[in-house]
Amino acid sequence: MATQGEATRFGWLTPDVLSIVAGALIAAVAPLDRLDYVARGLTASALADAAPSAQVLLVTASPEALREGLCERSLPGLLERGRARGALLIPPADAFCGGDAASRAGATSATGATSATGAAGTAPVVRMPPELLRLSAGEVVGFFPLAAAERAPELGALGVSAAPWVLKKAPQSVPAVSLRDLADGQVPSSALEGRVAVVAVGAGGIAPQAVATSALPPARGVAAVLGGLLDGGRRAAAPAWVPALFVLLAGGLVWIARRRYGSLVATAALFLGVFALAAGQGVLAARVEASLIALPSALFGLSVAFAGVMIVRGLVVQRCVDRAAELIQRAALFRMQGVHTLPDEEFWPRVARLAEQAHPADLVLVAELPVGSWHLRFWNDRQGGSESLVAELRRDVRRPPYSSEQGVPAIRLSRRFLAKQDMPAVVVPLIAFGEIEGYVFFCGPLAESTFSREPERADHVGRELALLLRRKRLARTAQGGAGEARGGGSPEDDLVEGARVALDDLQLFGSMLRSAPVGLLYADAFGDVRFVAPEFAKWLRARDVTVPAESASAALPPGSLTLGDVLGATSASDAAVSLSSVMASDDGIELSVSAPEPAVLSVRPLRRESDGSSWIAGYVAALIPVQQAAPVSDNVRPLAVRDAADPLCAFQLGDVVADAVASAARATGRAVRLEPIRGATHALGHRGELGQVLEAFLTDVAGRGLPGHGPVVSVREAPQGVQLSILDVGFGLGLPESALQRVLTAPGSAPAGLEPLGRLIVAVEDSHGHAELKTNDGWGITLTVTLLRAHPRAFVSANEGGKPAAQQNVIAIGRASPK
């Protein structure tokens, strides 16, 4: 139980989910440190502020001016007059501008006699240490913290502090002037007010607007970064959980897209995640200080998650596809419904076998009518050429014997169709929805006699075979059109086709399980048994039917056992049940069998519907055993037990009643009146038991009745079933209705004198009928027995003796028949 609970608890840890988690961990750890550093610098550089800087002024001096000592003579005075914040000397300008001014500023700051800005208003002049600059891709992106702590106060006085990344000013947005212009007064010294002067070496003799671009690197980058830093552009790395959370969300989006919509949508979701990551980095970096994400590591983690989702899912799908293809290939033997997939050499002989099962004949031929042609091609299920059996050389279906003299196709008997002139042939056109699909020919005297006796059988068989042929033709046409549209089949198309056929088979078996009380036997549309359960196979072997031993509980190969063989095993007399009886009935047929054990064999056709038509897609048979009475205790007196040789069967109730009336009249010598029987009165029940108890009951009632008040018996067809009515029951028994009603409640414990009535009611209930008593307003009491009506097509063998001759004391009410 604990193991099952743990498996349920951690069932969500699938490989694709684990790959997403791994990608998030990679994004959090950020293993691509150098690439992340460069990406942060590029991000800071890309977001440079183009607004003019009010904190920094770039001052350039030509090499000639530096050699003349212009910087050393004029810079301190310019800084003091212009009330500048200070000066930052960029090498190599520090070698010419440092002089006493820089030394004094450093000494004053070191002794602490004055503040960073100088107690006497002297602006600090600081040499920029080379290790201060933080470079990325050759550009200045920030400032490193200094290892020498004594330089920190000097830089701090200028606003320079440790900042890994800075949203710098654009180079063209940093004001720039020439040191000579400042010294000559061409540029007012007030331009330095409140600013940090970044002094660098630049080219001389250039236009004022080109002064900034003339400064030697890295002066321009230092001025731009310092301007951004003083304007609040300090930036730092984002927390590690930010890219990890993003990878989890983006990976989850890719996972959902892959599962629901496929690989293409999942790839689009990945690109959407990358775009969101880049756009989100830009938006955050422009507004939040700790916002620079380890972009390469985050992208690497997202790619790991994407690859895990796609590859693992693809491997799972591929494994499922391979397994499905293997199962479909192994299930080729069990395929039931692939009618259009059968080659003609197998399809048409199987159609001939099906026709031979459905209609008796010495020889069966099937003729194919190719599309767009009027000439037939013949097939049969036997060895040898079918064409040589046909004497008719004109194969045009528009002429006799394939059509009437008027050119109308119809079922007809032809005597000169075959090479054997003395062998007749029943010509059956296979017509579906007004189109001729082919012909079937039932040949021989057996076919002729069956057609003259039951012409509707050929019509039923022809209709079902036509639907089968039409389905094959339409399916092959659709398959051919799809193949032309695809430009050739592919393994994926074959897999889809195999899955579709397998789905049809599953639907067919689902119909079988829903239609049969117990699914024990299945035969396909050709009447070949394809599945038989062990119990059914055991019953068939007891009936001397050969069942392949190696396939007793699995699928049978086509032709090894037919449904006609199964139906033939149920024949207990000369009256055999054929496959045409099953074809003609949507509800199927039920047959009673007694050996080796009493049972009922139910055979039903499985019909499929499409485009307003239905056809038989297979047959299902169920062998339902008759339940035997359970043993009772010694102190329980069982009721009368029915003879096991008297199964539930269909019979004519009129014959049974006539026999019982005649026997009762002979035994009592009194008049027992029988009204004319109305209807066929085919009922379902235990004939032997009903005849015995009915005879005993009529004998008892007639023997007790008063002279002139004998029972009156009538049998008729009623909407609710077949009814047997016995009038004047009360006069015969001499008891009131209330006493007789007690027998209806407990027929097995009838009081003395009413045992025959109790046995009759028990026999009626055993036959799934019911009995009732009604008072006729002073005209006595009527016993009405209602039995189930049997199917009118069920064949019931007649008694050898026929109906008994009427006795002199049996009075038949009604008009006498003419002599």
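This is a predicted model: local features need pLDDT of at least 70, side-chain atom pairs count only at pLDDT 80 or more; totals for chains, interfaces and linings use all residues.
I looked up the strand order first. The model has an open sheet of 5 strands, ordered β3-β2-β8-β1-β7, and the pairing is parallel. I then checked the edges: β3 (125-127) and β7 (176-178) are the edge strands, each pairing on one side only. From one strand to the next, the twist averages 25°.

**Entry 2, β2 and β3.** I went on to the pair at the β3 end of the order. Strand β2, residues 86-89, pairs with β3 in the parallel sense, and the pairing covers 3 bridges. For a landmark in this pair I noted L89, which stands opposite R127 in β3.

Next I looked at β4 (residues 133-136) and β5 (residues 139-143). These two strands run antiparallel and are joined by 4 bridges. I noted that S136 stands opposite E139 in β5. How many residues lie between the strands of this hairpin? There are 2 residues between β4 and β5, and in this hairpin A137 takes a positive phi near 55°.

V21, L25 and L248 make a nonpolar patch of about 250 Å². I placed V21 in helix α2, which spans residues 15-29. Is V21 buried, partly exposed or exposed? I put V21 down as partly exposed because its relative accessibility is 34%, and the partly exposed class lies between the cut-offs of under 20% for buried and over 50% for exposed.

Note on methods. Residues are numbered from 1 along each chain as its sequence is written. Side-chain values use heavy atoms; hydrogens and water are left out. Two strands pair if DSSP finds at least two bridges between them. Axes are lines fitted to C-alpha atoms, for helices over the stretch in contact, and angles run from 0 to 180 degrees between N-to-C directions. Patches are made of residues with over 30% relative accessible area and no salt bridge: like charges are joined within 9 Å, nonpolar side chains (Val, Leu, Ile, Met, Phe, Trp, Tyr) within 5 Å. Accessible areas come from the Shrake-Rupley method with a 1.4 Å probe; for residues, only the protein chains shown count as cover. A salt bridge is a side-chain nitrogen of Lys or Arg within 4 Å of a carboxyl oxygen of Asp or Glu. Buried means under 20% relative accessible area, exposed over 50%, partly exposed in between (1.4 Å probe, protein chains only).
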